[in-house]
Amino acid sequence: MWFKIKLSRNIVDEKGRDKKIQETYLTESDNFAEAGYKVVQIVGTDAEVEDVCMMKTFKPSANEYKEGNKIFVVKVAQDMNIDDSIKTVKYALPVFADNNEQLQTIMKDYISQGLDDMRLTTISETKWIFI
């Protein structure tokens, strides 16, 4: 399951001043506690975990994360004929890419794997950190 974890913590900025920042992390975990614990292991115990949210609508990612990738949230839609009426089913999934051009290639390959009746509806670049 995918979890989004928001936290705030104090850092020392480049001018030597204390600054409170907020960060958002994305991780795959079995439960809420494990997701929160993963972040605390990375940033330490001085951080305040504000929210741990299970991303119920996220499907498995379209590709594997590589160091330095940005996280994009991509929504795809599929029109289905159910009881003689067209229903649109939308899916959200994380995609890891260095830039938009690479993302487009990844999604073209993803859809060409037998998902030709799907179309991209939304691409959102995030500032989330993957762990």
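Let's start with helix H1, where the buried residues are Ala 35, Gly 36, Val 39 and Val 43. By buried I mean under 20% relative accessible area, with exposed being over 50% and partly exposed in between, using a 1.4 Å probe and protein chains only. Helices here are DSSP runs of H or I with at least four residues, strands are runs of E with at least two, and both are numbered from the N terminus. Seen down the axis of H1, the buried residues fall within an arc of 95°, so they line one face of the helix. That arc is taken from the directions between the helix axis and the C-beta atoms. As a general point, an α-helix has 3.6 residues a turn, so residues three or four places apart point the same way.

A quick word on what you're looking at: this is a predicted model, where local features need pLDDT of at least 70 and side-chain atom pairs count only at pLDDT 80 or more, while totals for chains, interfaces and linings use all residues. Residues are numbered from 1 along each chain as its sequence is written, and side-chain values use heavy atoms, with hydrogens and water left out.

Back to H1. What does its other face carry? Turned away from the buried side are the exposed residues Ala 33, Tyr 37 and Gln 41. The buried residues, meanwhile, pack against strand S1 (2-12), S2 and strand S3 (48-54); contact here means heavy atoms within 4.5 Å. At the start of H1, a side-chain oxygen of Asn 31 comes within 3.2 Å of the backbone nitrogen of Ala 33. Just after the helix, Gly 44 has a positive phi of about 95°.

Now to the strands. Four of them form an open sheet in the order S3-S1-S2-S7, with mixed pairing; two strands pair if DSSP finds at least two bridges between them. S3 and strand S7 (129-130) stand at the edges, each with a single partner strand, so one side of each is left without a neighbour in the sheet. S1 and S3 run antiparallel and are joined by six bridges, and Lys 4 stands opposite Cys 53 in S3.

Please find Thr 27 in strand S2 (residues 18-28). Is Thr 27 buried or exposed? Thr 27 counts as buried, because its relative accessibility is 0%. Its side chain makes a polar contact with the side chain of Lys 38 at 3.0 Å, and also reaches the backbone oxygen of Ile 131 at 2.8 Å. A polar contact is a pair of N or O atoms within 3.5 Å; within protein, one must be able to donate a hydrogen and the other to accept it, and residues adjacent in sequence count only if both atoms are side-chain atoms.

Let's move to S4 and S5, which run antiparallel and are joined by 13 bridges. Ile 71 has Phe 96 in S5 as its bridge partner. Their hairpin has two residues between the strands, and Asp 83 there takes a positive phi near 55°.

Finally, the largest nonpolar core has 12 residues in all, including Phe 72, Val 95 and Ile 106. Such a core is a set of buried Ala, Val, Leu, Ile, Met, Phe, Trp, Tyr and Cys residues joined through side-chain atoms within 4.5 Å. Strand S4 (70-82), strand S5 (85-97) and helix H2 (100-111) each supply at least two of its residues, and the largest share, five residues, comes from H2. Apart from this core lies another, of nine residues, among them Trp 2 and Trp 128.
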